[in-house]
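Please read these notes with the model open beside you. They go through it point by point.

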Amino acid sequence: MENLNVKSNTLKLAKMALLTAIAFICSFVHFPLLFAFPFLEYELSSIPLLIAGFVFGPIRGMIIAVVVVGLRVVTGTAPNVPYGPIMNIIAACVLVLVSAAIYQKFKTKKWGLIALIVGGLCATAAMVPANLIFTPLFMGAPLEAVKELILPAIIPFNLLKAAINTVVVFLLYKRLSPFLHKW
(Lines give C-alpha, C1' and ligand atoms only; values in the text may rest on other atoms or scores of the structure.)
Protein backbone atom coordinates (compact mmCIF):
# COMPACT_ATOMS: atom_id res chain seq x y z
CA MET A 1 0.00 0.00 0.00
CA GLU A 2 2.84 2.39 0.85
CA ASN A 3 4.44 1.81 -2.57
CA LEU A 4 1.12 2.69 -4.19
CA ASN A 5 0.96 6.01 -2.28
CA VAL A 6 4.54 6.88 -3.23
CA LYS A 7 3.79 6.18 -6.88
CA SER A 8 0.56 8.18 -6.71
CA ASN A 9 2.27 11.16 -5.03
CA THR A 10 5.13 11.05 -7.53
CA LEU A 11 2.69 11.04 -10.42
CA LYS A 12 0.72 13.94 -8.89
CA LEU A 13 3.92 15.92 -8.41
CA ALA A 14 4.95 15.22 -12.02
CA LYS A 15 1.59 16.44 -13.29
CA MET A 16 1.86 19.58 -11.16
CA ALA A 17 5.35 20.19 -12.57
CA LEU A 18 4.00 19.69 -16.10
CA LEU A 19 1.25 22.26 -15.54
CA THR A 20 3.80 24.62 -13.98
CA ALA A 21 6.02 24.29 -17.05
CA ILE A 22 3.07 24.82 -19.40
CA ALA A 23 1.97 27.91 -17.44
CA PHE A 24 5.54 29.24 -17.50
CA ILE A 25 5.76 28.80 -21.28
CA CYS A 26 2.30 30.35 -21.69
CA SER A 27 3.43 33.36 -19.65
CA PHE A 28 5.58 34.39 -22.62
CA VAL A 29 2.49 34.64 -24.82
CA HIS A 30 0.89 37.98 -24.06
CA PHE A 31 -0.83 40.65 -26.06
CA PRO A 32 -2.99 43.74 -25.48
CA LEU A 33 -6.74 43.22 -25.41
CA LEU A 34 -7.70 46.87 -25.46
CA PHE A 35 -5.61 48.56 -28.10
CA ALA A 36 -6.27 52.00 -26.60
CA PHE A 37 -4.44 50.73 -23.49
CA PRO A 38 -1.57 48.57 -24.81
CA PHE A 39 0.12 48.33 -21.40
CA LEU A 40 -2.74 46.06 -20.25
CA GLU A 41 -1.72 42.68 -21.66
CA TYR A 42 -3.50 39.36 -21.51
CA GLU A 43 -1.22 36.46 -20.62
CA LEU A 44 -2.14 32.85 -21.43
CA SER A 45 -0.71 31.42 -18.19
CA SER A 46 -4.03 31.76 -16.35
CA ILE A 47 -5.46 28.88 -18.36
CA PRO A 48 -3.10 26.14 -17.08
CA LEU A 49 -3.21 27.74 -13.61
CA LEU A 50 -6.99 27.38 -13.51
CA ILE A 51 -6.76 23.79 -14.74
CA ALA A 52 -4.17 23.08 -12.02
CA GLY A 53 -6.50 24.59 -9.42
CA PHE A 54 -9.41 22.47 -10.62
CA VAL A 55 -7.33 19.28 -10.57
CA PHE A 56 -5.15 19.77 -7.49
CA GLY A 57 -7.20 22.24 -5.45
CA PRO A 58 -7.02 25.97 -4.78
CA ILE A 59 -3.91 25.98 -2.55
CA ARG A 60 -1.77 23.95 -4.94
CA GLY A 61 -3.09 26.01 -7.85
CA MET A 62 -2.01 29.20 -6.08
CA ILE A 63 1.39 27.72 -5.26
CA ILE A 64 1.87 26.91 -8.95
CA ALA A 65 0.89 30.50 -9.82
CA VAL A 66 3.48 31.91 -7.41
CA VAL A 67 6.14 29.50 -8.71
CA VAL A 68 5.47 30.56 -12.31
CA VAL A 69 5.78 34.26 -11.46
CA GLY A 70 8.87 33.48 -9.39
CA LEU A 71 10.43 31.68 -12.35
CA ARG A 72 9.79 34.74 -14.50
CA VAL A 73 11.50 36.96 -11.92
CA VAL A 74 14.48 34.60 -11.46
CA THR A 75 14.99 34.23 -15.21
CA GLY A 76 14.79 38.00 -15.71
CA THR A 77 11.77 37.72 -18.01
CA ALA A 78 9.15 39.28 -15.71
CA PRO A 79 7.96 42.72 -16.83
CA ASN A 80 7.94 45.75 -14.51
CA VAL A 81 9.68 44.08 -11.56
CA PRO A 82 8.63 44.20 -8.75
CA TYR A 83 5.17 45.65 -9.46
CA GLY A 84 4.25 43.52 -12.49
CA PRO A 85 4.91 40.23 -10.67
CA ILE A 86 3.02 41.45 -7.59
CA MET A 87 0.01 42.36 -9.74
CA ASN A 88 0.27 39.03 -11.57
CA ILE A 89 0.32 37.09 -8.30
CA ILE A 90 -2.69 38.98 -6.94
CA ALA A 91 -4.75 38.42 -10.10
CA ALA A 92 -3.76 34.76 -10.52
CA CYS A 93 -4.16 33.81 -6.87
CA VAL A 94 -7.59 35.40 -6.49
CA LEU A 95 -8.75 33.83 -9.76
CA VAL A 96 -7.45 30.35 -8.92
CA LEU A 97 -8.43 30.43 -5.23
CA VAL A 98 -12.05 31.42 -5.85
CA SER A 99 -12.61 29.31 -8.98
CA ALA A 100 -10.96 26.16 -7.64
CA ALA A 101 -12.56 26.45 -4.19
CA ILE A 102 -16.03 26.59 -5.72
CA TYR A 103 -15.25 23.77 -8.15
CA GLN A 104 -13.87 21.57 -5.35
CA LYS A 105 -17.26 21.80 -3.59
CA PHE A 106 -19.42 21.16 -6.68
CA LYS A 107 -17.65 19.18 -9.40
CA THR A 108 -20.14 19.48 -12.23
CA LYS A 109 -19.92 21.17 -15.60
CA LYS A 110 -22.50 23.76 -14.53
CA TRP A 111 -20.63 24.59 -11.32
CA GLY A 112 -17.33 24.62 -13.20
CA LEU A 113 -18.73 27.39 -15.37
CA ILE A 114 -20.13 29.23 -12.34
CA ALA A 115 -16.75 28.85 -10.58
CA LEU A 116 -14.89 30.35 -13.53
CA ILE A 117 -17.30 33.28 -13.80
CA VAL A 118 -17.25 34.04 -10.06
CA GLY A 119 -13.45 33.68 -9.97
CA GLY A 120 -13.12 36.09 -12.90
CA LEU A 121 -15.42 38.62 -11.24
CA CYS A 122 -13.50 38.38 -7.95
CA ALA A 123 -10.17 38.79 -9.74
CA THR A 124 -11.58 41.84 -11.56
CA ALA A 125 -12.73 43.31 -8.24
CA ALA A 126 -9.34 42.61 -6.63
CA MET A 127 -7.47 44.31 -9.45
CA VAL A 128 -9.21 47.64 -8.91
CA PRO A 129 -7.56 48.38 -5.53
CA ALA A 130 -4.35 46.63 -6.68
CA ASN A 131 -4.14 49.02 -9.63
CA LEU A 132 -4.89 52.00 -7.41
CA ILE A 133 -1.99 51.00 -5.15
CA PHE A 134 0.64 49.69 -7.58
CA THR A 135 0.03 51.42 -10.92
CA PRO A 136 1.00 54.90 -9.61
CA LEU A 137 4.20 53.34 -8.27
CA PHE A 138 5.40 51.58 -11.41
CA MET A 139 4.00 53.96 -14.02
CA GLY A 140 4.77 57.10 -12.06
CA ALA A 141 1.23 58.29 -12.80
CA PRO A 142 -0.75 60.30 -10.28
CA LEU A 143 -3.49 58.43 -8.43
CA GLU A 144 -6.14 60.59 -10.11
CA ALA A 145 -4.95 59.46 -13.55
CA VAL A 146 -5.21 55.81 -12.46
CA LYS A 147 -8.71 56.40 -11.06
CA GLU A 148 -9.71 57.73 -14.48
CA LEU A 149 -8.61 54.39 -16.02
CA ILE A 150 -10.73 52.18 -13.74
CA LEU A 151 -13.97 52.27 -15.79
CA PRO A 152 -12.69 52.61 -19.35
CA ALA A 153 -9.67 50.31 -19.07
CA ILE A 154 -8.98 48.29 -15.91
CA ILE A 155 -12.42 46.79 -15.32
CA PRO A 156 -13.15 46.03 -19.02
CA PHE A 157 -9.67 44.53 -19.46
CA ASN A 158 -10.05 42.23 -16.46
CA LEU A 159 -13.58 41.21 -17.47
CA LEU A 160 -12.38 40.42 -20.99
CA LYS A 161 -9.48 38.41 -19.56
CA ALA A 162 -11.94 36.52 -17.35
CA ALA A 163 -14.22 35.81 -20.31
CA ILE A 164 -11.35 34.40 -22.40
CA ASN A 165 -10.14 32.25 -19.49
CA THR A 166 -13.65 31.00 -18.81
CA VAL A 167 -14.32 29.96 -22.40
CA VAL A 168 -10.95 28.27 -22.93
CA VAL A 169 -10.86 26.44 -19.58
CA PHE A 170 -14.50 25.40 -19.95
CA LEU A 171 -13.72 23.90 -23.37
CA LEU A 172 -10.41 22.27 -22.36
CA TYR A 173 -10.86 21.01 -18.81
CA LYS A 174 -13.19 18.07 -19.39
CA ARG A 175 -11.04 16.93 -22.32
CA LEU A 176 -7.86 17.02 -20.20
CA SER A 177 -9.47 15.82 -17.00
CA PRO A 178 -9.18 12.06 -17.67
CA PHE A 179 -5.40 12.34 -18.14
CA LEU A 180 -4.89 14.69 -15.21
CA HIS A 181 -7.01 12.65 -12.78
CA LYS A 182 -5.79 9.27 -13.94
CA TRP A 183 -3.82 7.48 -11.27
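1. The model is predicted, and every value here is computed from it.

2. Helix H3 covers residues 58-74, which is 17 residues. From its first C-alpha to its last, H3 reaches 24 Å, close to the 24 Å expected at 1.5 Å a residue.

3. Which residues of H3 are buried? They are Pro-58, Gly-61, Met-62, Ile-64, Ala-65, Val-68, Val-69 and Arg-72. These residues cover an arc of only 160° around the axis, so they are on the same side of H3. The general rule behind such a pattern is that an α-helix has 3.6 residues a turn, so residues three or four places apart point the same way. On the face of H3 turned away from the buried side, the exposed residues are Ile-59 and Val-74.

4. After H3 comes Gly-76, with a positive phi near 75°. Asn-80 lies in the loop between H3 and H4, and its phi is also positive, about 55°, although Asn-80 is not a glycine. Asn-80 counts as partly exposed because its relative accessibility is 46%, which falls between the 20% limit for buried and the 50% limit for exposed.

5. The loop between H3 and H4 also holds Pro-82. The peptide bond that joins Val-81 and Pro-82 is cis, with omega about 5°. As background for this point and the one before, most residues other than glycine have a negative phi, and most peptide bonds are trans.

6. The largest pocket contains about 770 Å³ of space. Its lining is made up of 36 residues, and those nearest the centre are Glu-41, Gly-84, Met-87, Asn-88 and Lys-161. At least two lining residues come from each of strand E2 (41-43), H3, helix H4 (83-105), helix H5 (109-139) and helix H6 (143-181). H5 supplies the largest share, eight residues. Sorted by class, the lining of the largest pocket has 19 nonpolar, 13 polar and four charged residues.

7. The second largest pocket has a volume of about 180 Å³. It is lined by 13 residues, and Leu-19, Ile-22, Pro-48, Ile-51 and Leu-176 are the closest to its centre. Helix H1 (2-26), helix H2 (46-56) and H6 are the elements that give two or more residues to this lining. H6 gives the most, with five residues. What classes of residue make up the lining of the second largest pocket? There are 13 nonpolar residues, no polar and no charged ones.

8. How many cavities of 30 Å³ or more does a search of the whole structure find? The search finds one. The largest cavity has a volume of about 70 Å³. Among the residues that line it are Phe-54, Tyr-103, Leu-113, Leu-116, Phe-170 and Lys-174. H5 and H6 each supply at least two residues of this lining. By class, the lining of the largest cavity divides into seven nonpolar, two polar and two charged residues.

9. Thr-124 is in helix H5, and Thr-124 counts as buried because its relative accessibility is 6%, under the 20% limit. Leaving out residues up to four places away in sequence, Thr-124 touches Ile-155, Asn-158 and Leu-159. Thr-166 is in helix H6. With 10% relative accessibility, Thr-166 also counts as buried.

10. Lys-182 and Leu-11 are 171 residues apart in sequence, while their C-alpha atoms are 9.3 Å apart in space. Setting aside neighbours within four places in sequence, Lys-182 is in contact with Leu-11, Lys-15 and Ser-177.

Definitions and conventions:
Residues are numbered from 1 along each chain as its sequence is written. This is a predicted model: local features need pLDDT of at least 70, side-chain atom pairs count only at pLDDT 80 or more; totals for chains, interfaces and linings use all residues. Side-chain values use heavy atoms; hydrogens and water are left out. Helices (H or I, at least four residues) and strands (E, at least two) are DSSP runs, numbered from the N terminus. The expected span of a helix is 1.5 Å times one less than its number of residues. Buried means under 20% relative accessible area, exposed over 50%, partly exposed in between (1.4 Å probe, protein chains only). The arc is that of the directions from the helix axis to the C-beta atoms. On a 1 Å grid over the protein atoms alone, a cavity is a set of points where a 1.4 Å probe fits but cannot get out, and a pocket is an open set with protein on both sides within 12 Å along at least five of seven lines; lining residues have an atom within 4 Å of a point. Grid points are joined across faces, edges and corners, and a volume is the space filled by probe spheres set on the points. Ala, Val, Leu, Ile, Met, Phe, Trp, Tyr, Cys and Pro count as nonpolar, Asp, Glu, Lys and Arg as charged, and the others, Gly among them, as polar. Contact means heavy atoms within 4.5 Å.
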